[in-house]
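Please open the model in your viewer and keep the sequence panel at hand.

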Amino acid sequence: MLHVLYLVHDVSDPAVRRRIIMLKAGGAQVTLAGFRRTASPIAEVEGLRPIDLGATRDGRFAQRLAAVTKAAVSIGSKLGSMPRPDLIIARNLEMLALARRARSAFQSTVPIVYECLDIHRLVLRDDFLGKAMRGAERYLARDVKLLVTSSPAFIANYFKPFGQIAAPVELLENKYFEPAAVLLDDRTVAEAPVAPPWRIGWFGALRCRRSLELLAEFSRRLEGRFEIILRGRPALSEFPDFHGFVESEPWLSFGGPYRNPEDMATIYREVHFSWAIDFFEQGLNSEWLLPNRLYEGCRFGAVPISMGNTETGRFLDRQGIGVLLPKATPEALEAALGDMEQHRFGKLRACVLARNPRTWSHDRSDCRALVEKLRGLTAVPGPYAAEALA
């Protein structure tokens, strides 16, 4: 069995749990180690007890750099009791630095995979800091065996033009995971709730202040004909008073965190539309990414709303689905949605449901293919090697 050491920037990140689920479903054994954004260590993630590397703070670059430096000194002792892994996956640049230290601690040439699912604005700066960070990434990634990323725009706009990574690239989209291939029928996609009010769901990592303010103003303009449902983990460092703002808005509500994939059908059945827009790093990462909520919302029949000039918008345009905005203004949103009625919504939703479910979902066969791809980077025999030699 392939043994993977998974080094992550935040062990409580739901996306980390999803990747662990995929690796285990594909037949890998996983050891999890990483930082946390909580006061106390995380006891368990998907049946694993994480190896705690310390606490970091969201949006605090200097503090995170200090934490990585400290962890680089102690990571050998932290990992000392575990058997040597067959492969190390480093999620994000800071963990790539620690992956190399971990490999040294094992005194072996364990292959390293670099998983980069966001391009941070700091590495795109044209000043000394940006050039230094890109140089550090090139140096740390000089012998990685595989780059895993989630959007072709990351490759086209960053990795390729800057010449960051020489390794092969695996495009692993942020699709919803379900254990088996299923048909979209009444058991998995319920009828949309009665409208009006029409409901827009903004789910996942809530970090975009502009989206919050835009949705609030739009709901006020339409005087409750549209309601905004928020679920997930708000990045409180990006909002002056997230909870106070939401409570003060008559047609906004925050339902708290949820579990993925367990709660996805339930939360998307409560809404008509999914907000697939992010201005957090406008002109850069936000225009290049293909977010989790894009796939999750479409999987359960929510009609996606996106900007037309982004990678998400171009993806939706190719699929022939969704509502694409020309501008990020309440007026543009009202022009696109303000006269919504049942017949038009039914046509929009039918287009989403007509897409092949594989467009939105990973199943166990995808997980096995991923683990076999990783196994190919090592000397670990596959599950059928013994039969082949017999």
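**Strand 13 and its neighbours**

Begin by selecting strand 13 together with strand 14 (residues 323–325): the two run parallel and are joined by three bridges. This is a predicted model. Within strand 14, leucine 325 is the bridge partner of methionine 307.

Next, select strand 12 (residues 273–275), which pairs with strand 13 in the parallel sense over three bridges. Here valine 303 of strand 13 stands opposite phenylalanine 273.

Keep strand 13 (residues 303–307) selected and display its side chains. Are they buried or exposed? Five of its five residues are buried, so that the strand is mostly covered. In a regular strand, side chains alternate between the two faces of the sheet. In strand 13, Val303, Ile305 and Met307 point one way, while Pro304 and Ser306 point the other way.

**Salt bridges**

Turn now to the charged side chains, among which 24 salt bridges are counted.

Select arginine 19 and glutamate 115. They form a salt bridge whose closest N and O atoms are 2.6 Å apart. Because arginine 19 lies in helix 1 (residues 14–25) and glutamate 115 in strand 5 (residues 112–115), the pair ties together parts that are 96 residues apart in sequence. Both arginine 19 and glutamate 115 are buried.

Proceed to arginine 221 and glutamate 331, a salt bridge with its closest N and O atoms 3.3 Å apart. This pair also links distant parts of the chain: arginine 221 belongs to helix 6 (residues 209–221) and glutamate 331 to helix 12 (residues 330–337), 110 residues apart. Arginine 221 is partly exposed, with a relative accessible area of 37%, and glutamate 331 is partly exposed at 43%.

Return to helix 11 and select glutamate 311 with arginine 314. Their salt bridge has its closest N and O atoms 3.3 Å apart. Why are these two residues separated by about one helical turn? They are three residues apart in helix 11, which accounts for that separation. Glutamate 311 has 9% relative accessibility and therefore counts as buried, the cut-off being under 20%. Arginine 314, by contrast, is partly exposed, at 37% relative accessible area.

Notes:
Residues are numbered from 1 along each chain as its sequence is written. This is a predicted model: local features need pLDDT of at least 70, side-chain atom pairs count only at pLDDT 80 or more; totals for chains, interfaces and linings use all residues. Side-chain values use heavy atoms; hydrogens and water are left out. Buried means under 20% relative accessible area, exposed over 50%, partly exposed in between (1.4 Å probe, protein chains only). Helices (H or I, at least four residues) and strands (E, at least two) are DSSP runs, numbered from the N terminus. Two strands pair if DSSP finds at least two bridges between them. A salt bridge is a side-chain nitrogen of Lys or Arg within 4 Å of a carboxyl oxygen of Asp or Glu.
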